[in-house]
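Here is a short briefing on one protein model. Look at the sequence and the structure first, then read the points below.

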Amino acid sequence: MSISESGIRIACGAKQQEIKGKWKKRHMVSRQSGISRKCQYQCSVCSKDSKTQRSRQTMSYSVALPTISPIKCTTQLPLIPAKSRVVKFPELCKDGVLFTQLQVREIAKSQSRPCRLGLEEEDEYCSRMEFGSAFLADSYDRCRRICAEIPADDGGAQESNMGDLRRTDELVDGPNAKHTTADVLDRWEERLEDIFSGRPFDMLDAALAHTLQKFPLDIKPFRDMIEGMRMDTRKFRYLNFEELYLYCYCVAGTVGLMSVPVMGMGAHSLASLQRIYNAALNLGIANQLTNILRDVGEDAERGRVYLPQEELAQFGLCDDDVLSRKVVSADERWKEFMKAQIRRARFYFNEAEEGASQLDKASRWPVWSSLMLYRQILDEIENNGFDNLTRRAYVSRGKKLLMLPLAYTRSATANISN
């Protein structure tokens, strides 16, 4: 269905018509909130058309206000039967965007080239960049304070990565997010290009610029992450899982790709480079899908719905159910919908396990810890009766402490094989 000033175009009966002023709205639509609402319209023409099979038709749609909502939802919601009956809920698609489309192979190849900077060249590099080793040490220390949970076995390289990513994320999720515009993100991307060209702007930039000389990082994942931030400023609905997968890749899958060169592969790993990069990407996708399921209620308060529109419709749900937070765990539709979403997130965690086992020994523990911790968030959603609209699932400190030795055991006993 598409909306225009002249009326509503819709498949009505056996033909398409454009009708002005002949649709009777059944429910009010709030134009102040800018949120899609579930509305019903009744055609006053069908009853006069003798060729139609029924005297009157009532249809239900999710209508996006064209002047406010950034996405036009074209999904036709199923009619809810007057009498309840047993419904067979569908199995959700697990396929996202093809790796070839994301150029994962090209990124893996680019990040497999020899390092630019050897140990003997480090002092010369610092001199050319006009900052000394003490300045660099302070730069890495400030990055480390931003990412306090990242181990320092890689000389601070991962902290410089995560410090830059944290600052990028703060542009759209931080306290000043309302001031972030497309121009701000464009200037941020220009700054990123300056860093890759050896022209850092501040101390945190200097740490990343130095890391780029020690590890063969490609600029594409960094650019793609900024594109994910752009999506957060203009896109608040996702039609299907393919669209959501692309968003998850931009804001989280890219982190996995840019982390592989820093974490390193195991010395005895027989897995192909492509399989390790695929697993790193899958871990990022799994983590972001988990974030989305955990934060459904909080996102709804901001007028955001990261759950695919088509999949909501398949379970007889719509935006209004999420935004109003009226559905509860007792609602069989929501319960089955969340079960399917959790199954898909666990699928990506399972796909990521192989890559976590192929990393360098010093890097396996933090990666396994992240994987197992986020998996437990899914368990907590289930323990909360699938109520992620009014309750936020979190893993208690005690469970985290118990999980760490288990993650260490998994990392220490991981099989390095093909």
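Predicted model: local features only at pLDDT ≥ 70, side-chain atom pairs only at ≥ 80, totals over all residues.

The protein has 418 residues, and buried residues make up 51% of them. Its secondary structure comes to 16 helices and six strands.

**The whole protein**

- The accessible surface comes to about 21,400 Å². Carbon and sulfur atoms hold 50% of that surface.
- Take the contacts in the protein with a separation of 6 or more: 67% of them join residues 24 or more positions apart.

**Aromatic pairs**

- How many aromatic pairs does the count give? The count comes to 11 aromatic pairs.
- One of these pairs is Y238 with Y306. The ring centres are 5.8 Å apart, and the planes stand at 20 degrees. This pair counts as stacked because planes under 30 degrees apart fall in that class.
- Y238 and Y306 come from distant parts of the chain, 68 residues apart. Y238 sits in the loop between α8 (219-234) and α9 (241-263). Y306 sits in the loop between α11 (296-301) and α12 (309-314).
- Are these two residues buried or exposed? Y238 has 0% relative accessibility, so Y238 counts as buried. Y306 has a relative accessible area of 6%, so Y306 is buried. The cut-off for buried is under 20%.
- Y245 and Y348 form another aromatic pair, and this one is tilted. Their centres lie 6.1 Å apart, with 45 degrees between the planes.
- The pair of Y245 and Y348 links helix α9 to helix α14 (residues 332-358). Y245 belongs to α9 and Y348 to α14, 103 residues apart.
- Y245 is buried because its relative accessible area is 2%. Y348 counts as buried because its relative accessibility is 4%.
- Which residues do ring pairs link into a cluster with Y245 and Y348? F241 and F347 join them there.

**Charges over rings**

- K235 lies over the face of Y238. The distance to the ring centre is 5.2 Å.
- R344 lies over the face of F241. Here the distance to the ring centre is 3.8 Å.

**A nonpolar surface patch**

- W365, L401, L404 and Y408 make a nonpolar surface patch of about 390 Å².
- Which helix gives the patch its largest share? Helix α16 (residues 397-412) does, with three residues.
- Y408 has its place in helix α16. Its relative accessibility is 45%, so Y408 counts as partly exposed.

- At 5% relative accessibility, S411 counts as buried, because buried means under 20%.
- What does S411 touch, leaving aside its neighbours within four places in sequence? S411 is in contact with R364, W365 and W368.

**A residue in helix α2**

- E106 is found in helix α2 (residues 104-110). E106 has 47% relative accessibility, so E106 counts as partly exposed.
- How far apart in space are E106 and Q274, C-alpha to C-alpha? They are 9.8 Å apart. In sequence, E106 and Q274 are 168 residues apart.

Terms used. Residues numbered from 1 in each chain as written. Heavy atoms only, no water. Phe/Tyr/Trp six-rings, centres within 6.5 Å; stacked < 30°, edge-to-face > 60°. Helix = DSSP H or I, 4+ residues; strand = E, 2+ residues; numbered from the N terminus. Buried < 20%, exposed > 50% of the residue type's maximum accessible area, 1.4 Å probe, protein only. Lys NZ or Arg CZ within 6 Å of the ring centre and 35° of its normal. Patch = residues over 30% accessible without salt bridge, like charges linked within 9 Å, V, L, I, M, F, W, Y side chains within 5 Å. Areas by Shrake-Rupley, 256 points an atom, 1.4 Å probe, with all protein chains shown as cover. Salt bridge = Lys/Arg side-chain N within 4 Å of Asp/Glu carboxyl O. Contact = heavy atoms within 4.5 Å.
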